[in-house]
Each structure stands twice: as structure tokens, then as C-alpha cells.
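Subject: Handing over a structure

Hello,

I am passing this structure on to you. Please open it first, then read my notes below.

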Amino acid sequence: MVTSTEPTTQTLYDQDYYLWLRTTINQLRTGQFSAVDLDNLLEELETLGRSQKRIIKNLLINLLLHLLKLKCWDSERERNQGHWKGEIRTFRREIKDELKDSPSLKPYILEIFDECYQEARKEASDHSQLAIDIFPLIPIGSLEQILDENWFPE
């Protein structure tokens, strides 16, 4: 068996993520700031921010998708509207919870609204196998309406 004589540069972060996390928390709590693995901590914080944005975006696309199904998928509406409305309520609640935890994401949701609507149109077309033109090019409601727990498209 051959053993390497080169020094390892692998850090606790690479070897055991959970232990690294617990160690970093303990170091911060006890004021051992010079011992903190700052590079990996900053990377994790940046990733966390991106993750929150991705969650909001996915929830909004799914909400819009189900609203489009409810409005436009005539042949399936009677059979599936209860399920779709339940999903709509769930996505609205989850978005509300995310925005309650991170109110600074409210401008972001407005920023991505049109993009998410267009993605939802494509997915609605894929799910229903209906032409994309069946789903209105212009959003079926304002962001305020879309997030309103009592609003459903006519």
C-alpha cells in the first residue's frame, strides 16, 4: 500500500460538514472569532441567501402553474379543481411564511413575477399538453391578487 507524504489541505469543512457547522457555531458563541473558518462560513451564508431566493421562485412558479390550470384547463377543471385549489392555498401559505421570515425578499418576488409567470405558462402547457397559446401571455392577475388567499381566477 502506498501512502502519500504530501500534507493534506482538507479542512474540517470538507471532512465532516455537520461537525464543522457545530464547531463554527460554538466558536462564534464563545467569541473565538480568530478560529472561525471564515472563507467557508461566508460561502455558506451566500449559498443560504441564494437558496432562499430559489425557494421563493419555485413556490411562485408552482402557484402560478396551478392558477393557470384552474383558469384554462377546461377539460380537467371539474375533476381536479379541488386538488388545484388545495395546492394554490399551500403555495400561498408557504410564500407568506417565507416572506414573513425574510421580508426583504418582497421586492425580489415582484422582480421575478413576470419571468415566473412565463415559466408557469410553459409548464402548464407541458402538464396539460395544450398549446401554450391557451394560457394568456399577460398574467391572469396582479401579484397582490395572486398572493391573496381568497382570490381565484374567473
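Here is what was found, topic by topic.

This is a predicted model, in which local features need pLDDT of at least 70, side-chain atom pairs count only at pLDDT 80 or more, and totals for chains, interfaces and linings use all residues. Residues are numbered from 1 along each chain as its sequence is written, and side-chain values use heavy atoms, with hydrogens and water left out.

**Pocket**

Start with the largest pocket. Its volume is about 230 Å³. A pocket here is an open set of points on a 1 Å grid over the protein atoms alone, where a 1.4 Å probe fits, with protein on both sides within 12 Å along at least five of seven lines. Lining residues have an atom within 4 Å of a point. Grid points are joined across faces, edges and corners, and the volume is the space filled by probe spheres set on the points.

The lining consists of R89, R92, R93, I95, K96, L99, K100, L147 and E149. Helix α4 (residues 74-101) gives the largest share, seven residues. Helices are DSSP runs (H or I, at least four residues), numbered from the N terminus. Which kinds of residue make up the lining: nonpolar, polar or charged? Six are charged, three are nonpolar and none is polar. Asp, Glu, Lys and Arg count as charged; Ala, Val, Leu, Ile, Met, Phe, Trp, Tyr, Cys and Pro count as nonpolar; the others, Gly among them, are polar.

**Salt bridges**

There are four salt bridges (a side-chain nitrogen of Lys or Arg within 4 Å of a carboxyl oxygen of Asp or Glu). Side chains of opposite charge can pair when their charged atoms come close. Below, buried means under 20% relative accessible area, exposed over 50%, and partly exposed in between (1.4 Å probe, protein chains only).

- D74 pairs with R77, with 2.5 Å between the closest N and O atoms. They sit three residues apart in helix α4, so about one helical turn separates them. D74 is exposed at 53%. R77 is partly exposed at 24%.
- R79 pairs with E76, again with closest N and O atoms 2.5 Å apart. These two are also three residues apart in helix α4, about one helical turn. R79 is exposed at 62%, whereas E76 is buried at 16%.
- K122 meets E119 at 3.3 Å, N to O. Both lie in helix α5 (residues 106-128), three residues apart, so about one helical turn lies between them. K122 is partly exposed at 42%, and E119 is partly exposed at 29%.

**Surface patch**

L38, L42, L45 and L48 form a nonpolar patch on the surface. Their accessible area together is about 390 Å². Such a patch takes residues with over 30% relative accessible area and no salt bridge, and joins nonpolar side chains (Val, Leu, Ile, Met, Phe, Trp, Tyr) within 5 Å. Areas come from the Shrake-Rupley method with a 1.4 Å probe. L45 belongs to helix α3 (residues 38-72). L45 is partly exposed, at 49% relative accessibility.

**Two more residues**

L67 is in helix α3 as well. Is L67 buried or exposed? L67 is buried, at 0% relative accessibility.

Q129 lies in the loop between α5 and α6 (143-147). Its phi is near 60°, a positive value in a residue other than glycine. Q129 is exposed, with a relative accessible area of 74%.

Best wishes

Notes:
Patches are made of residues with over 30% relative accessible area and no salt bridge: like charges are joined within 9 Å, nonpolar side chains (Val, Leu, Ile, Met, Phe, Trp, Tyr) within 5 Å.
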